[in-house]
Amino acid sequence: MADVEIPKQHKAIIYDEPGKASVKITEVDTPEPGPGEVLVKLTHSGVCHSDLSVMKNSWIQTILPHPTQAGQIGGHEGVGTIVKLGIGAEASGCKLGDRVGIKWIMSACLTCGAENICDNLKISGYYSPGTFQQYALSPANYVTPIPEGLDSATAAPFLCAGVTVYSALKRSNAKAGQFVVIVGAGGGLGHLAVQIASRGMGLRVIGLDTTLKKDFVLSLGAEQFFDFTAHSQSELISQIHTATRSTSRRGGSAAEGAHAVLVVSSALAAYESAALMLRKGGTVVAVGVPEGESVGVKNLGAGIVAGKCLSFVGSAVGNRAEASEVLDMAARGVVTTKFEVEGMDKLESVFERMEKGELLGRVVLDLQA
Ligand SMILES: [Zn+2]
Ligand SMILES: [Zn+2]
């Protein structure tokens, strides 16, 4: 690849007043890659609900230890091309011109065995400059290769939303042919979860969201859809039990309830219904994080968990292997992203729409426009 001209400065979007939904476009110095690092010219970055939470300091003391610093460059679903290698970076197999992704986990120690809960992980867009900018550094051993034939804008949402729900579905232990309820099925995470679960993993999906998203969710592979705002909790639970009733085996009684419930919504009410939707031995997977103070969840106490042999597991993003697996599903056309492309100047309004729950699928920023 011919040398690319790298500008001294480039455009970046910063959180100018963390705590509020406020961003500013500015020029920052383009950094030099250090030993083992690569410089990536980013073309696209997805916008994730976590970016909103980081910007607004909604997760302090639940997920993140410190308030976000003013001037933070957010973003963690970046795709671009390697334009410069630091000393030794090629040892990781990176070459100039490789198309790669930068994820929420920007780096991990890679020796403790659990990338997503590593004590030494760095987060892209939180105390490390993120992907809402035209050039970003990454450790060479932590970039995610983007499969050939998968365009960059389509790939971006898989780097956080896609890997997160794929990893969470694996942790649900649900097997092909079993029922999974996805709460928040029409959102950025949910719309990928529905496809990965149904088309990628052979699960029978029941989507929950608002009626506005019904046709969309059904078009993605969900077998059934319920509006979780239009019914009382008991109505919803009974609809799900009916929908998941298995034919009885000879001599046995019919089982009902989902094998797993994947909560990608950040509404506390979603967790309050989750255990009630399960059959015995089922699993609730927590992905969406309710904002504010961490509180206990009604209907998910020790009694029901023990009595029905339920599991309540958490799942946060995923590892590098899972990122590659889910990108491979995308490259094979098993799953696609519903997204709209916006310019960098639209980020603040994108966050506003996200807060109101108005986004259908994902927004991807075009960083070079
Ligand atoms: Zn570690
Ligand atoms: Zn994210």
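Let's start with glutamate 115, which counts as buried in this predicted model, because its relative accessibility is 15% and the cut-off for buried is under 20%. Glutamate 115 sits in the loop that runs between strand 7 (105-107) and strand 8 (122-124).

**Around glutamate 115**
- Setting aside its neighbours within four places in sequence, glutamate 115 touches Ile105, Ala108, Leu110, Leu121, Tyr142, Asn319 and Arg320.

**The zinc ion (ligand 1)**
- Which residues hold this ion? Cys109, Cys112 and Cys118 coordinate the zinc ion (ligand 1), each through SG, at 2.2 Å.
- Along the chain, those donor residues follow the spacing C-x2-C-x5-C.
- Cysteine 109 has 30% relative accessibility, so it counts as partly exposed.
- Cysteine 112 is partly exposed too, and its relative accessible area is 47%.

**The zinc ion (ligand 2)**
- The zinc ion (ligand 2) is coordinated by SG of Cys48, NE2 of His76 and SG of Cys160, at 2.0 to 2.2 Å.
- In sequence, the donors of the zinc ion (ligand 2) are spaced C-x27-H-x83-C.
- Cysteine 48 is in the loop between strand 3 (37-47) and helix 1 (49-55), while histidine 76 is in the loop between strand 4 (72-73) and strand 5 (78-85), so this pair ties together parts that lie 28 residues apart in sequence.
- Are cysteine 48 and histidine 76 buried or exposed? Both of them are buried.

**Helix 3**
- Helix 3 (residues 161-171) is mostly covered, with nine of its 11 residues buried.
- The buried residues of helix 3 are Ala161, Gly162, Val163, Thr164, Val165, Tyr166, Ser167, Ala168 and Leu169.
- What do they pack against? Their partners are strand 12, strand 15 (258-263), strand 16, strand 19 (362-366), helix 4 (190-200) and helix 9 (320-331).
- Just after helix 3 comes asparagine 173, which takes a positive phi of about 65°.

**Helix 6 and its partners**
- In helix 6 (residues 233-243), the buried residues are Leu236, Ile237, Ile240, His241 and Ala243.
- These residues lie on the same side of helix 6, because they cover an arc of only 165° around the axis.
- They pack against strand 12 (179-183), strand 13 (204-209), strand 14 (224-227), strand 16 (278-286) and helix 7 (268-277).

**Where helix 6 meets helix 7**
- Two packed helices are described by the distance between their axes and the angle between them.
- Here, the axes of helix 6 and helix 7 come within 10 Å and cross at roughly 35°, and the crossing is right-handed.
- Helix 6 brings Gln233, Leu236, Ile237, Ile240 and His241 to the contact, and helix 7 brings Glu272, Ser273, Leu276 and Met277.
- Sorted by class, the contact of helix 6 with helix 7 has five nonpolar, three polar and one charged residues.

**Glycine 186**
- Where is glycine 186? It lies in the loop between strand 12 and helix 4.
- Glycine 186 is buried, because its relative accessible area is 0%.
- Glycine 186 and glycine 207 are 21 residues apart in sequence, and their C-alpha atoms are 7.9 Å apart in space.
- Leaving out neighbours within four places in sequence, glycine 186 is in contact with His191, Asp209, Lys213, Phe216, Val217, Leu360 and Gly361.

How values were computed
Residues are numbered from 1 along each chain as its sequence is written. Chains are lettered from A and ligands numbered from 1 in the order in which they are written. This is a predicted model: local features need pLDDT of at least 70, side-chain atom pairs count only at pLDDT 80 or more; totals for chains, interfaces and linings use all residues. Side-chain values use heavy atoms; hydrogens and water are left out. Donors are N, O and S atoms within 2.8 Å of the metal (3.2 Å for Na, K and Ca); water is not among the atoms, so sites may look incomplete. Buried means under 20% relative accessible area, exposed over 50%, partly exposed in between (1.4 Å probe, protein chains only). Helices (H or I, at least four residues) and strands (E, at least two) are DSSP runs, numbered from the N terminus. Contact means heavy atoms within 4.5 Å. The arc is that of the directions from the helix axis to the C-beta atoms. Axes are lines fitted to C-alpha atoms, for helices over the stretch in contact, and angles run from 0 to 180 degrees between N-to-C directions. A crossing is left-handed if the near helix is turned anticlockwise from the far one by less than a right angle, and right-handed if clockwise. Ala, Val, Leu, Ile, Met, Phe, Trp, Tyr, Cys and Pro count as nonpolar, Asp, Glu, Lys and Arg as charged, and the others, Gly among them, as polar.
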